[in-house]
Amino acid sequence: MAAVARGRGLPRAWLCRRAGPGSGRHYRAALCTELKQPLAIKEVASRPVRPHEVRVDVHFCGVNFADILVCRGQYQEKPQLPFTPGMEFSGTVLETGTDVSTVKEGDRVIGVSGFNGMAEECIIDPKTLWQIPERVPLREAATLPVSYGTAILALEHRACTRPGETVLVTAAAGATGLAVVDVATNVLQAQVIAAAGSDEKCKLAMQKGAQSTVNYGQGGLKEAVRKLVGSGGVNVAIDTVGGDVFLEALRSLAWEGRIVVVGFAGGTIASVPANLLLLKNVSAVGLYWGRYKEQNFPVFSRTLSSALQYCQQGRIQPHIGAVFKLEEMKKSRLLGSM
């Protein structure tokens with residue numbers, strides 16, 4: 001994952017917001033009006049909430065690799081222009097519809113919004129809001145849904161990681177990679193090998209709790225892993241890179257090992273040699289985090305509840321690479337031409 005994708009959080013800023021809910025109020029939003037170009041910051045008219053909706057005053061919005069891809073037109077979901085990026089956010093409830101009973105005005109929440117969170121306010125289905133425990137700051141809470149939701153689903157639900165197992169994490173210094181290292185080490189008590197493309201990135205993963213690191217910019221991943229764990233291999237691999245890195249991670253698995261395909265940040269989608277699955281009785285499974293919201297919402301919701309609980313307990317420490325003000329997105333090509 002690119003370093004800029006780890007820049008997390010957009011502190012909210014006010015623009016002439018008139019009192020009273022519903023019509024007559026305006027807020028600012030970051031709009032992608034043209035692919036591969038800087039975002040525009042525009043004033044948008046607030047609409048009334050419907051009976052089943054909630055209006056949230058957005059304090060922070062996570063910046064994810066998917067936001068970069070969607071603003072390039074390279075993501076699997078392609079919203080119609082213009083659109084507001086931002087898949088995850090934290091804030092406080094401003095207003096609830098007449099049929100809403102799960103949250104109330106003033107509640108601190110995180111939300112999963114599809115692509116419309118990078119704005120001063122967001123109207124959303126209360127089903128995709130989770131209340132933030134008192135001890136969790138809003139800034140840290142905004143980083144939890146995508147990265148930590150993915151990490152928990154990958155490790156606990158897809159790979160069924162057990163305490164003491166060895167977990168290999170590729171792109172370990174990216175937002176998702178750091179979350180996987182954090183959860184595997186500090187929640188699941190696994191032994192983590194963090195693989196990244198530079199010594200600086202390996203050092204960051206070590207700070208998050210990895211026991212060992214591999215700089216695959218300096219040589220083959222499989223041989224480096226073998227030197228660390230011997231010929232037995234690793235029990236679990238979580239891969240967000242794809243291509244040759246995925247294939248080497250696959251070849252690094254132990255007997256009945258599991259590899260979870262999370263993404264293709266390297267730009268290449270590898271073909272899986274089926275004989276490798278057979279020889280060691282290993283499993284290769286995929287993880288598309290967002291699809292769980294539609295296909296298995298109880299599992300999706302449970303991962304976010306777990307992330308909030310782990311954060312409240314101090315078992316995980318979200319990494320925030322950078323913080324931007326909303327107006328800075330207009331001057332930056334962060335989500336446009338990268």
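A residue counts as buried when its relative accessible area is under 20%, as exposed when that area is over 50%, and as partly exposed in between. By this cut-off Asp107 is buried, because its relative accessible area is 8%. The model is predicted, and a search of the whole structure finds 12 salt bridges in it.

**Glu121 and Arg25**
- Glu121 and Arg25 form a salt bridge through their side chains, with an N to O distance of 3.1 Å.
- Glu121 belongs to strand β6 (residues 121–124), whereas Arg25 sits in the segment before β1 (26–31), so this pair ties together parts that are 96 residues apart in sequence.
- Both Glu121 and Arg25 are buried.
- A network of salt bridges links Arg25 and Glu121 with Arg55 and Glu95.

**Lys104 and Asp107**
- A salt bridge joins Lys104 to Asp107, and their closest N and O atoms are 3.0 Å apart.
- Lys104 counts as exposed, because its relative accessibility is 53%, whereas Asp107 is buried at 8%.

**Glu53 and Arg50**
- The side chains of Glu53 and Arg50 also meet in a salt bridge, at 3.1 Å from N to O.
- Glu53 counts as buried, with a relative accessibility of 8%.
- Arg50 has a relative accessible area of 43% and is therefore partly exposed.

How values were computed. Residues numbered from 1 in each chain as written. Predicted model: local features only at pLDDT ≥ 70, side-chain atom pairs only at ≥ 80, totals over all residues. Heavy atoms only, no water. Salt bridge = Lys/Arg side-chain N within 4 Å of Asp/Glu carboxyl O. Helix = DSSP H or I, 4+ residues; strand = E, 2+ residues; numbered from the N terminus. Buried < 20%, exposed > 50% of the residue type's maximum accessible area, 1.4 Å probe, protein only.
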